[in-house]
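Hello,

Here is the structure we spoke about, passed on for you to look through. My notes on it follow below.

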Amino acid sequence: MSTTSRIWFALAGFLLIAGATFCYLGLVGRSVVRRSESEAEGPSHADEGEVHVAPTIWPFAFSIAGVIIALGVIVNAWILVLGVLAFALSAAGWLRDILRGHAHADGS
């Protein structure tokens, strides 16, 4: 394996770990903010018309697909195809979650 390949694989690993870390920090920060807002305001019926989408894993899947696509551009076309497939699956899963959230909001 050449030095350039090692550098790119190390960079891809770093980006993967950084993406997972920032995803975790975002989820923790979001839950802390929601908890503090709900304790400060108490129960409210002002936002009954809003659609609330539940937390989802699909943005993290998008970041993984992005890393795979970047590796595919650098290393091999087959890896690029896998990255594009992972990106399409992530988009379909996220769209399904959003549609499920809207259907749930319309039904209640």
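Notes on the model

A91 is found in helix α3; helices here are DSSP runs (H or I, at least four residues), numbered from the N terminus. A91 counts as partly exposed because its relative accessible area is 32%, where buried means under 20%, exposed over 50% and partly exposed in between, with a 1.4 Å probe and protein chains only. The C-alpha atoms of A91 and F62 are separated by 7.7 Å, although the two residues are 29 apart along the chain.

Some background before the rest. This is a predicted model, in which local features need pLDDT of at least 70 and side-chain atom pairs count only at pLDDT 80 or more, while totals for chains, interfaces and linings use all residues. Residues are numbered from 1 along each chain as its sequence is written, and side-chain values use heavy atoms, with hydrogens and water left out.

F62 is one of the buried residues of α2, along with A61, A65, V67, L71 and G72. Helix α2 covers residues 58-74, 17 residues in total, and reaches 24 Å from its first C-alpha to its last. That is close to the 24 Å expected at 1.5 Å a residue, the expected span being 1.5 Å times one less than the number of residues.

D97 also belongs to helix α3, which runs over residues 77-107. D97 is buried because its relative accessible area is 19%. Apart from neighbours within four places in sequence, D97 is in contact with T56 and W58 (contact means heavy atoms within 4.5 Å). The side chains of D97 and T56 are joined by a polar contact of 2.9 Å, that is, a pair of N or O atoms within 3.5 Å, one able to donate a hydrogen and the other to accept it.

A search of the whole structure finds one salt bridge, meaning a side-chain nitrogen of Lys or Arg within 4 Å of a carboxyl oxygen of Asp or Glu. D97 forms a salt bridge with R100, and the closest N and O atoms are 3.7 Å apart. D97 and R100 are three residues apart in helix α3, so about one helical turn separates them.

On the surface, M1, W8, F9, L11, F14, L15, V73, I74 and V75 form a nonpolar patch with about 890 Å² of accessible area together (patch residues have over 30% relative accessible area and no salt bridge, with nonpolar side chains joined within 5 Å and like charges within 9 Å). Two or more residues come from each of α1 (3-41) and α2, and α1 gives the most, with five.

Regards

Terms used:
Areas by Shrake-Rupley, 256 points an atom, 1.4 Å probe, with all protein chains shown as cover.
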